[in-house]
Amino acid sequence: MSRSWERMVQKNTAQVNKQRKKQGKPSLYASNGSSSADIFRGRNFVLPITLVALAAIYILLGVASDQAVMSTSLTWIVVGLYVLLAVVIFLRRPFLKVDKNSISTIKFNRDRRLTADQIAMIKVGSGSVVIELKGSKNKKGKVSKGGNWVFTRLINRYDTVAMGERLERFATTFDIPFEK
């Protein structure tokens with residue numbers, strides 16, 4: 001089935017399921033079409049801790065300088081915004097979603113998706129998973145590879161063992177080179 005056809009089926013199924021939910025009937029099947037998708041969620045600790053530390057340093061420098069700058073409300077607004085940003089980043093969990101024919105994640109606040117033909121190699125190490133991308137030609141004819149997708153246990157607390165097993169099945173399905 002082509003992707004446009006799948007999207008149309010998913011959209012229509014979602015509409016029917018909304019109607020069935022209003023009528024009190026059970027839904028037909030998963031409306032997002034991702035019943036075979038595995039989602040691996042992590043947790044970002046490093047950046048929120050860094051932001052809170054910067055806010056604390058900002059407060060300490062203001063108190064140590066012994067000036068009237070620390071008494072302004074703008075200083076406390078800046079500190080509050082640092083802490084708020086840290087909370088937002090902490091609560092927004094990074095993920096890797098392995099679907100039947102694609103892989104998706106969130107990078108730079110956008111959802112990124114790779115199909116099997118865009119992946120050059122998958123490497124699984126102790127505590128890390130690296131998905132290498134194939135080079136693609138841009139308008140000028142130069143080959144641009146883009147950045148590899150790296151998922152680590154140390155920084156984002158991913159379950160790299162389970163990710164490796166699922167990505168190994170994905171790689172064998174589409175004949176993608178796989179390294180352990």
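These are my notebook entries on a predicted model of a single chain.

**Ground rules.** Side-chain values use heavy atoms, with hydrogens and water left out.

**Confidence.** I looked up pLDDT (the predictor's confidence in each residue, from 0 to 100). The chain averages 84, and 86% of the residues score at least 70. Over residues 30-34 the pLDDT stays under 50. For that stretch the model has eight contacts beyond four places in sequence, a contact being heavy atoms within 4.5 Å.

**Whole chain.** I found five helices and 10 strands. Both are DSSP runs numbered from the N terminus: helices are H or I of at least four residues, strands are E of at least two. Of the 180 residues, 28% are buried. I take buried as under 20% relative accessible area, exposed as over 50%, and partly exposed as in between (1.4 Å probe, protein chains only). The chain exposes about 12400 Å², of which carbon and sulfur atoms supply 58%. Accessible areas come from the Shrake-Rupley method with a 1.4 Å probe; for residues, only the protein chains shown count as cover. Among contacts between residues at least 6 apart in sequence, 55% join residues at least 24 apart.

**The four-stranded sheet.** I traced an open sheet in the order S9-S6-S5-S10, with mixed pairing. Strands S9 (149-152) and S10 (178-179) are at the edges with a single partner strand each, so one side of each has no neighbour in the sheet. Two strands pair if DSSP finds at least two bridges between them. S5 (residues 119-125) and S6 pair antiparallel over six bridges, and Val124 stands opposite Val129 in S6. These two strands form a hairpin with two residues between them, and Gly127 in the turn has a positive phi of about 90 degrees. S6 (residues 128-133) also pairs with S9 in the antiparallel sense, over four bridges. Which residues of S9 are the bridge partners of Val129 and Ile131? For Val129 the partner is Phe151, and for Ile131 it is Trp149. S6 is mostly covered, with five of its six residues buried.

**A second hairpin.** Strands S3 (residues 102-107) and S4 (residues 110-115) run antiparallel and are joined by six bridges. I noted Arg113 in S4 as the bridge partner of Ser104. Two residues separate S3 from S4 in this hairpin, and Phe108 in the turn has a positive phi of about 50 degrees.

**Helix H5.** I checked the length of H5 (residues 160-174). Its 15 residues should span 21 Å at 1.5 Å a residue, and its end C-alpha atoms are 21 Å apart, which agrees. The expected span is 1.5 Å times one less than the number of residues. The buried residues of H5 are Thr160, Met163, Gly164, Arg166, Leu167, Phe170 and Ala171. An α-helix has 3.6 residues a turn, so residues three or four places apart point the same way. Just after H5, Asp175 takes a positive phi of about 55 degrees.

**Thr160.** Leaving out residues up to four places away in sequence, Thr160 touches Gly127, Ser128, Val129, Phe151, Thr152 and Arg153.

**Largest nonpolar core.** I define such a core as a set of buried Ala, Val, Leu, Ile, Met, Phe, Trp, Tyr and Cys residues joined through side-chain atoms within 4.5 Å. The largest has 20 residues, and those that touch the most other members are Ile103, Ile119, Ile122, Ile131, Phe151, Leu167 and Phe170. S2 (95-98), S5, S6, S9 and H5 each supply at least two of its residues. H5 gives the most, with four.

**Gly80.** Gly80 lies in helix H3 (residues 73-91). Gly80 is partly exposed, with a relative accessible area of 37%. The C-alpha atoms of Gly80 and Ala55 are 8.0 Å apart, with 25 residues separating the two along the chain.

Technical notes:
Residues are numbered from 1 along each chain as its sequence is written. This is a predicted model: local features need pLDDT of at least 70, side-chain atom pairs count only at pLDDT 80 or more; totals for chains, interfaces and linings use all residues.
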